[in-house]
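Please read the following paragraphs with the sequence and the model side by side. They go through the contacts one group at a time.

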Amino acid sequence: QLQAFGGGLVQAGGSLRLSCAASGAIFSIRVMGWYRQAPGKQRELVAQITRDGVTNYADFVKGRFTISRDNAKNTVDLQMNSLKPEDTAVYYCKFAIPWREYWGQGTQVTVSS
């Protein structure tokens, strides 16, 4: 029910912007977030944002990535700057409501050195 897009191949130091939107109506979304999973590694939190705009970033992206959301449109974006090869992963969006979570299908981000 979530569609994520905006991934691709970029050189180190470059930028990408990921976006995620719900294909159907989802109400009472409390937290929107982005996670990533690199080959052979566990999925990890990248950034999340509450309905009130409170953000939380993983240490490894602080100062480089910015998460934003549009409550009216139920969308969440992730602006990624100064990308590094270690940022290469499949990025997933997640919407959390009080009784369940929705996950997007993932979008591949590849950063070449």
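A salt bridge is a side-chain nitrogen of Lys or Arg within 4 Å of a carboxyl oxygen of Asp or Glu. Side chains of opposite charge can pair when their charged atoms come close. This is a predicted model, in which local features need pLDDT of at least 70, side-chain atom pairs count only at pLDDT 80 or more, and totals for chains, interfaces and linings use all residues. Residues are numbered from 1 along each chain as its sequence is written, and side-chain values use heavy atoms, with hydrogens and water left out.

By the salt-bridge rule, the count comes to 6. One of them joins arginine 36 to aspartate 87, with the closest N and O atoms 2.9 Å apart. The strands named here, like helices, are DSSP runs numbered from the N terminus (helices: H or I, at least four residues; strands: E, at least two). Both arginine 36 and aspartate 87 are buried. Buried means under 20% relative accessible area, exposed means over 50%, and partly exposed is in between, as computed with a 1.4 Å probe on protein chains only.

Which other residue forms a salt bridge with aspartate 87 at 2.7 Å? Arginine 64 does, and 2.7 Å is the distance between the closest N and O atoms. This pair also links distant parts of the chain: arginine 64 is in the loop between β6 (55-57) and β7 (65-70), while aspartate 87 is in the loop between β8 and β9, 23 residues apart. Arginine 64 is buried, with a relative accessible area of 10%, and the value for aspartate 87, also buried, is 1%. Arg36, Glu44, Arg64 and Asp87 are linked in a network of salt bridges.

Another salt bridge is formed by lysine 62 and aspartate 59, whose closest N and O atoms are 3.1 Å apart. Is aspartate 59 buried or exposed? Aspartate 59 is exposed, with a relative accessible area of 62%.

Asparagine 81 lies in the loop between β8 and β9 and counts as partly exposed, at 30% relative accessibility. Leaving aside neighbours within four places in sequence, asparagine 81 is in contact (heavy atoms within 4.5 Å) with Gly14, Ser15, Arg64 and Phe65.

Phe65 belongs to β7, where the side chains alternate. β7 pairs with β8 in the antiparallel sense over 6 bridges; two strands pair if DSSP finds at least two bridges between them. Within this pairing, isoleucine 67 stands opposite leucine 78 in β8. The hairpin of β7 and β8 has 4 residues between the strands, and asparagine 74 in this hairpin takes a positive phi near 55°.

Two serines also have positive phi values. Serine 82, in the loop between β8 (75-80) and β9, has a phi of about 50° although it is not a glycine. Its relative accessible area is 38%, so it is partly exposed. Serine 28 lies in the loop between β3 and β4 (31-37), and its phi is near 60°. Serine 28 is partly exposed as well, at 47% relative accessible area.

The next link is covalent. A disulfide is a covalent bond between the sulfur atoms of two cysteines; here the rule is a pair of cysteine sulfur atoms within 2.5 Å. A search of the whole structure finds 1 disulfide. It is formed by cysteine 20 and cysteine 93, their sulfur atoms 2.0 Å apart. The pair links distant parts of the chain, with cysteine 20 in strand β3 (residues 16-22) and cysteine 93 in strand β9 (residues 89-97), 73 residues apart. Why is this disulfide called right-handed? The torsion about the S-S bond is about 55°, so the disulfide is right-handed. Both cysteine 20 and cysteine 93 are buried.

Finally, there are charges over rings. A charge sits over a ring if NZ of Lys or CZ of Arg is within 6 Å of the ring centre and within 35 degrees of the ring normal. The charged end of arginine 43 sits over the ring of tyrosine 92, 3.7 Å from its centre. The charged end of arginine 43 also sits over the ring of tryptophan 103, at 4.7 Å from the centre of that ring.
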